[in-house]
Amino acid sequence: TETSGSIWILIFLTGERAMAGTIALVARWAAEAVGLAPPRPAPFRYNPEACATSELRTNFTQDGYIHLKQFLSSDNVAAVVKALDEVKDQMSTLPRHDQFYDVLDNPNSLKQIQNLHTHHAFFADLAGSKAFAVLAEAVLGEPVVLQNIQYFNKPPHTSKPTPPHQDGYYFMITPPNAAVTMWVALDDADEENGCLVYVKGSGVGPLRPHQPSGILGFSQKCTDYGSPEDLKKEMVMAAKAGDVIAHNSAMMHRTGANTSTRHRRAIGLVYFGVSAKTDDVRRAAYQKSLRDTLAAAKRI
């Protein structure tokens, strides 16, 4: 069944990171199976045929991104927000490296939660479902493997700009555009509260040079970004709650600070195509070095 598949996917993805959380989620599924807990509905309803059109693949290949308006209903968005609120209620049990704050230990400044699928059954179910995998396979043109489900927020007053970067620099994969990040808006997003900004044409690559940014959660920034040509090609990706914006891992993007009184919440789902070759040793060393640096600086 899809739920039993979720269990094995979850265990595979978590490893030693959150085994206690995994056991709790499996216990929840077991309770549901014998009728001791009310079953949850599937996280999302979707139309596989609508996701698998040749037009989606063509547009994504040419442009490096797609924008699907109102992909999620208001009920879907409310279900995600409810599950996120439940995760936020147990932040003290999450690994420190999975939670980032603009101001350390200020709950109102929470900006990111990593690996949501290891922390809550709703997102574990989502990891094991086809709700977004079908779309990821359609745009990449091959089977995919989920890497992460993340929470992003730009709290009012405390958020900082996200520096221009390409996800492929963090992912350390070959080819550099063989992954897709799906950004799912939970609030209306515009320039005032820090919506995405893309650079037209950058999705074809190559990866440009990066260096440490000093921004928690976005540790690298492109070093040669900001030419008149770059700025001329910028596209402001305003979105409504329920929209899905998907970009490949070579797409140059950034966001501004949130200067409004509104939050700008979203979840992100990262999928690698099966053709992606990962430098696992280099990636693990980078992640360990980053965590050590952040811990030493008391940023996490």
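Reader: Where is His 157 found?
Author: His 157 is in the loop between β4 (144-153) and β5. Strands here are DSSP runs of E with at least two residues, helices are runs of H or I with at least four, and both are numbered from the N terminus. This is a predicted model, in which local features need pLDDT of at least 70 and side-chain atom pairs count only at pLDDT 80 or more, while totals for chains, interfaces and linings use all residues. Residues are numbered from 1 along each chain as its sequence is written, and side-chain values use heavy atoms, with hydrogens and water left out.

Reader: What is the phi of His 157, and why is this residue called buried or exposed?
Author: Phi of His 157 is positive, about 80 degrees, although the residue is not a glycine. For accessibility, buried means under 20% relative accessible area, exposed means over 50%, and partly exposed is in between (1.4 Å probe, protein chains only). His 157 has 68%, so it counts as exposed.

Reader: What about Met 172: buried or exposed?
Author: Met 172 also has a positive phi without being a glycine, near 55 degrees, and it sits in the loop between α8 (167-171) and β6. Its relative accessible area is 9%, so Met 172 is buried.

Reader: Which peptide bond at Pro 175 is cis, and what is the omega from Gly 205 to Pro 206?
Author: The bond joining Thr 174 and Pro 175 is cis, with omega about -5 degrees. Pro 175 belongs to the loop between β6 (173-174) and β7. From Gly 205 to Pro 206 the peptide bond is cis too, with omega near 0 degrees, and Pro 206 lies in the loop between β8 and β9.

Reader: How do you know that Lys 82 and Glu 86 meet in a salt bridge?
Author: A salt bridge is a side-chain nitrogen of Lys or Arg within 4 Å of a carboxyl oxygen of Asp or Glu. For Lys 82 and Glu 86 the N to O value is 2.8 Å, and the pair is a salt bridge. The two are four residues apart in helix α5, which means they are separated by about one helical turn. Lys 82 is exposed at 53%, whereas Glu 86 is partly exposed at 34%. By this rule the structure has 10 salt bridges.

Reader: What makes the pair of Asp 190 and Arg 262 a tie between parts of the chain?
Author: The closest N and O atoms of Asp 190 and Arg 262 are 3.1 Å apart, and the two form a salt bridge. Asp 190 lies in the loop between β7 (179-185) and β8 (196-199) and Arg 262 in the loop between β13 and β14 (265-273), so the pair ties together parts that are 72 residues apart in sequence. At 26%, Asp 190 is partly exposed, and at 30% Arg 262 is partly exposed. Glu 192 joins Asp 190 and Arg 262 in a network of salt bridges.

Reader: What is the N to O value for Asp 230 and Arg 208, and is Asp 230 buried or exposed?
Author: These side chains meet in a salt bridge at 2.9 Å, N to O. Asp 230 is in helix α9 (residues 228-232) and Arg 208 is in the loop between β8 and β9, and the pair links distant parts of the chain, 22 residues apart. With 7%, Asp 230 is buried, while Arg 208, at 21%, is partly exposed.

Reader: Why are β5 and β11 said to stand at the edges of their sheet?
Author: Four strands make an open sheet with antiparallel pairing, in the order β5-β13-β8-β11. β5 (162-165) and β11 (234-237) each have a single partner strand, so one side of each is left without a neighbour in the sheet.

Reader: How many bridges pair β5 with β13?
Author: Two strands pair if DSSP finds at least two bridges between them. β5 and β13 (residues 253-255) have two, in the antiparallel sense, and Thr 162 has Thr 255 as its bridge partner in β13.

Reader: Which residues have the most contacts inside the largest nonpolar core?
Author: A nonpolar core is a set of buried Ala, Val, Leu, Ile, Met, Phe, Trp, Tyr and Cys residues joined through side-chain atoms within 4.5 Å. The largest has 42 residues, and Phe 123 and Phe 132 have the most contacts inside it. Helix α5 (residues 74-88) gives the largest share of this core, six residues. As for helix α6 (residues 121-128), eight of its eight residues are buried, including Phe 123.
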